[in-house]
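Here is a short briefing for a first look. Start with the sequence and structure below, then read on by topic.

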Amino acid sequence: MPTGIHRSRLRDHFRALLQLNHLRVTPERLIVFDEICSLQTHFDADDILARLKQRHAAISRATVYRTIELLEKYGVIRRSKLTGVKSHFELTLERRHHEHMICTSCGKVIEFESKGIESIQQVICREYHFTMTYHYLHIFGICDDCAKR
């Protein structure tokens, strides 16, 4: 979870993005953004909405969805289809690139980094004269806890 100072920098970045794109900096957008910054895990719009309702924040579903769309559009969060058809997101500002392993039994998501995978991708791209702009890697299988059951 970002520290207070770190979260303040992220919030300033979000404010600047909104202003740069001639969008209003509203208290509701900032509340949604702060809630997303407080998470250390993947989330969906309904997760954010439920957390805000628990805190008695008067923010509509439409505001949550529109704010998430803005955050994705400007690269603050990244969409990922981790399981099923529901989209999940994660904060990407100032985070290192990582990949995902997803348990098809319980839905657990394990994040990992691999210099080897990154290196192999570069080799493959050079071999095929391909310029990679971004990538996602999701490995599906069974986590250790489920395998033991």
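Helix 5 covers residues 115–127, and its 13 residues should span 18 Å at 1.5 Å a residue. The end C-alpha atoms are 18 Å apart, which agrees. The expected span is 1.5 Å times one less than the number of residues. Helices (H or I, at least four residues) and strands (E, at least two) are DSSP runs, numbered from the N terminus.

This is a predicted model, in which local features need pLDDT of at least 70, side-chain atom pairs count only at pLDDT 80 or more, and totals for chains, interfaces and linings use all residues. Residues are numbered from 1 along each chain as its sequence is written, and side-chain values use heavy atoms, with hydrogens and water left out.

**Overall layout**
- The chain holds six helices and five strands.
- Their order along the sequence is α-α-α-α-β-β-β-β-α-β-α.
- The C-alpha trace spans about 45 × 45 × 30 Å along its principal axes.
- The chain has 149 residues, and 35% of them count as buried. Buried means under 20% relative accessible area, exposed over 50%, and partly exposed in between (1.4 Å probe, protein chains only).
- Just after helix 5, His129 takes a positive phi of about 50 degrees.

**Nonpolar core**
- A nonpolar core is a set of buried Ala, Val, Leu, Ile, Met, Phe, Trp, Tyr and Cys residues joined through side-chain atoms within 4.5 Å.
- The largest one has 25 residues; Ile36, Phe43, Ile48, Val64, Ile68 and Ile77 touch the most other members.
- Helix 1, helix 2, helix 3, helix 4 and strand 2 each supply at least two residues of this core.
- Helix 2 gives the largest share, five residues.
- Leaving out residues up to four places away in sequence, Phe43 touches several residues, including Ile36, Ile48, Ile68, Ile77 and Phe89. Contact means heavy atoms within 4.5 Å.

**Helix packing**
- Helix 2 and helix 3 pack at an angle of about 105 degrees, with axes 10 Å apart. Axes are lines fitted to C-alpha atoms, for helices over the stretch in contact, and angles run from 0 to 180 degrees between N-to-C directions.
- The two helices are therefore roughly perpendicular, a label for angles of 65 to 115 degrees.
- Ile31, Val32, Glu35 and Ile36 in helix 2 meet Ile48, Arg51 and Leu52 in helix 3.

**Cysteines**
- The structure holds zero disulfides (pairs of cysteine sulfur atoms within 2.5 Å).
- Cys103 is in no disulfide; its nearest cysteine sulfur, in Cys106, is 3.7 Å away.
- Cys103 is buried, at 4% relative accessible area.
- Cys106 is partly exposed, at 43%.

Technical notes: Angles under 35 degrees count as roughly parallel, over 145 as roughly antiparallel, 65 to 115 as roughly perpendicular and the rest as oblique.
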